[in-house]
Amino acid sequence: MIPIDREQVRLLEQRLRGVGVDRRTFLKVAGAALAAPAAGTLLAACGDDDPTATSAPAPAATATSPGQAPEPTATDAPAATAEPGAPTNTPAPVAATNTPAPAATATAAPEPAEQQLLRVIGTRAEPSSHDFNADLYAGGAATIWAGVLSYNENFEPIPDWATEWEPNEDATTWTFRIRPDNGGFSNGDDVTAETFAYSWRRLLTPATAAPYASILFDILGSEDINLQGADPMTLGVRAVDDWTLEVDMIGPRGLFPVIAGYVACFPTHPPSVEAGNYSTDPADGEVISNGPFLITEWRHDQYCKLVKNPNFWEADRIRIEEIDWLIIPAEQGMLPYEADEVDYASVPGADYPRVVADPVYSQEIEKYVDPLIWKILPQVTVEPFDDIWARRALSHSIDRDRINELTNFGGDPAYSLMPPGLFGYLSDDEEIRDIQAFDLARAEEALAQSRYADRNWPEVTIILRNEAHLNSTIMVEDVAAQVEENLGLRMDIQVMDVQAFRELQFTLTPQIVWIRWFYDYPDPNNGYFDMFYSVKETGRRQAWSNAEFDALTIAGKEEPDPAARLEIYRQCEIIMQTEVGYIPVVYRNAYYVYKPWLKGIPINRQGFVTPSVNIYINMWREVYIEGRDA
């Protein structure tokens with residue numbers, strides 16, 4: 001990316017507006033112009049023949065070396081206003097029977113005088129819908145819905161529409177107490193126990209074709225409904241009365257509250273679905289939802305307008321009144337932020353040196369360790385990776401530290417499946433770190449025992465999603481370069497649209513896959529079981545299978561003791577790495593810039609300012625605007 005400074009952006013916008021171009025069109029033009037070979041061409045592309053009319057250019061992308069700025073690590077605290085708390089790696093009880101207290105930010109603050117309009121990059125591509133009950137991957141605005149539980153910034157389950165929850169003696173049944181007489185839907189309908197019972201049956205019904213129906217497979221009768229077409233009313237979910245929801249599990253399930261807080265378990269509005277031709281597009285009629293915000297407008301491929309739901313149970317505490325939820329392609333990078341189009345944004349890896357060298361942006365950047373791992377899936381049934389020695393050679397040939405440096409500290413080395421800050425993090429375990437450690441001597445030894453000792457490899461293609469904004473292409477290109485240099489294995493790179501990638505991966509035919517797993521809910525079950533359990537008919541992402549591993553993942557679900565659960569997942573990790581069912585590469589260090597007028601951003605126990613991400617989506621309930629010019 002060619003760096004441009006704030007003055008260039010301002011001049012560009014000024015000139016385009018002078019000929020009647022609005023700000024959104026300006027962003028599209030500027031984003032396209034970033035492909036120009038120099039910053040001066042950015043202005044020339046908009047009709048200015050004199051690139052010297054610009055102010056001095058921004059520092060070059062290489063102006064900041066690792067020695068000139070503090071080198072981030074997974075435990076570095078950003079320049080925040082709160083002291084870091086205790087680390088979150090310590091195992092915590094999963095089957096807690098009492099209700100956690102609400103987040104510390106729950107105390108209402110005086111209403112600021114400014115317009116409470118939050119402007120965010122909602123998505124990088126046009127959503128298919130906002131119906132998360134039917135499709136977790138819809139890509140829409142999840143904040144228009146709310147579940148029985150949600151998570152705080154430390155990834156702990158907290159009350160939402162349920163105020164309390166408790167298991168029976170062996171955690172085979174969970175009971176959730178719903179807020180009574182709440183009128184919580186945007187049209188005044190109550191959010192009841194039946195709201196969730198209906199929605200979970202809908203999620204599992206085969207006709208819904210929900211791609212993430214397996215999230216509820218711990219509920220009694222769920223698999224029979226989803227896979228065998230059994231009557232949805234046989235699901236082990238009961239509305240005892242309007243405000244009491246009981247859920248029967250297929251066995252002891254101490255982790256169920258963690259699952260219940262995830263977006264995939266959010267409800268729908270049953271009367272709207274029953275009316276037929278259900279839509280979450282306001283153009284088709286009012287979208288009735290139960291979340292902190294409502295969707296009132298959807299201008300396709302441009303933005304959605306969200307407004308606060310006055311019937312939400314904590315509406316009086318939420319200060320943001322409106323959200324401009326923008327649909328902005330990843331190619332535009334930081335331009336929307338630099339043009340004051342949004343109030344916060346992620347920093348692409350290529351922009352990191354420029355941002356930390358900028359006297360303004362360097363005061364607005366914060367690091368956050370995403371609950372995300374980048375990994376490699378070698379297909380164990382397809383040549384050449386049906387040879388375990390070839391897989392082992394591959395695993396020892398990748399220098400994770402080099403990838404971190406290449407991406408401007410965008411990914412700390414990963415040696416286990418669970419990222420830092422989540423229960424089950426094992427990358428500090430020396431035995432596990434050694435299994436697939438970068439070691440060219442061991443790579444050569446493994447290669448010598450494979451069918452490819454002469455380095456006469458077949459043609460190999462590695463596939464990945466089109467996620468350049470997450471440094472995906474940069475990382476996989478370096479992996480391919482390392483593998484060719486160290487093993488003589490040349491890998492062609494195929495970047496695919498998300499849907500095509502997913503469909504191809506589920507066929508289990510690609511030779512090798514580069515993929516990230518953004519944790520859905522904060523428990524090892526979401527990693528070891530949801531990703532790698534092999535005894536399932538749908539949703540398998542790799543052909544690797546091991547019966548002992550599968551049995552351990554079931555035991556991990558059932559075990560109530562955190563220390564015992566941790567040891568179970570440690571054994572899972574050893575098995576899958578020894579057989580090279582996967583190769584952990586890096587976790588994701590995310591960097592965000594925040595406008596100084598965005599206040600109240602939560603800070604987690606690790607000391608990181610915490611944006612709305614894949615697990616924690618409640619940031620918008622906490623923040624407010626103060627000091628932004630009209």
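Of the contacts in the chain with a separation of 6 or more, 73% are accounted for by residues 24 or more positions apart. The model is predicted. The chain holds 19 helices and 18 strands. Of its 630 residues, 60% are buried.

**Helix α14**

- Helix α14 covers residues 472-487, which is 16 residues.
- From first C-alpha to last, α14 reaches 22 Å, close to the 22 Å expected at 1.5 Å a residue.
- The buried residues of α14 are S472, M475, V476, D478, V479, A480, Q482, V483, N486 and L487.
- As background, an α-helix has 3.6 residues a turn, so residues three or four places apart point the same way.
- After α14 comes G488, which has a positive phi, near 75°.

**Helices α10 and α13**

- Two packed helices are described by the angle between their axes and the distance between the axes.
- Helix α10 spans residues 388-395 and helix α13 spans residues 440-448.
- Their axes come within 8 Å and cross at roughly 165°.
- Angles over 145 degrees count as roughly antiparallel, and α10 and α13 are therefore roughly antiparallel to each other.
- The crossing of α10 and α13 is left-handed.
- On the α10 side, the residues in contact are W389, R392 and A393, and they meet A443, A446 and L447 of α13.
- By class, this contact of α10 with α13 has 5 nonpolar residues, 1 charged residue and no polar ones.

Definitions and conventions
Residues are numbered from 1 along each chain as its sequence is written. This is a predicted model: local features need pLDDT of at least 70, side-chain atom pairs count only at pLDDT 80 or more; totals for chains, interfaces and linings use all residues. Side-chain values use heavy atoms; hydrogens and water are left out. Helices (H or I, at least four residues) and strands (E, at least two) are DSSP runs, numbered from the N terminus. The expected span of a helix is 1.5 Å times one less than its number of residues. Buried means under 20% relative accessible area, exposed over 50%, partly exposed in between (1.4 Å probe, protein chains only). Axes are lines fitted to C-alpha atoms, for helices over the stretch in contact, and angles run from 0 to 180 degrees between N-to-C directions. Angles under 35 degrees count as roughly parallel, over 145 as roughly antiparallel, 65 to 115 as roughly perpendicular and the rest as oblique. A crossing is left-handed if the near helix is turned anticlockwise from the far one by less than a right angle, and right-handed if clockwise. Contact means heavy atoms within 4.5 Å. Ala, Val, Leu, Ile, Met, Phe, Trp, Tyr, Cys and Pro count as nonpolar, Asp, Glu, Lys and Arg as charged, and the others, Gly among them, as polar.
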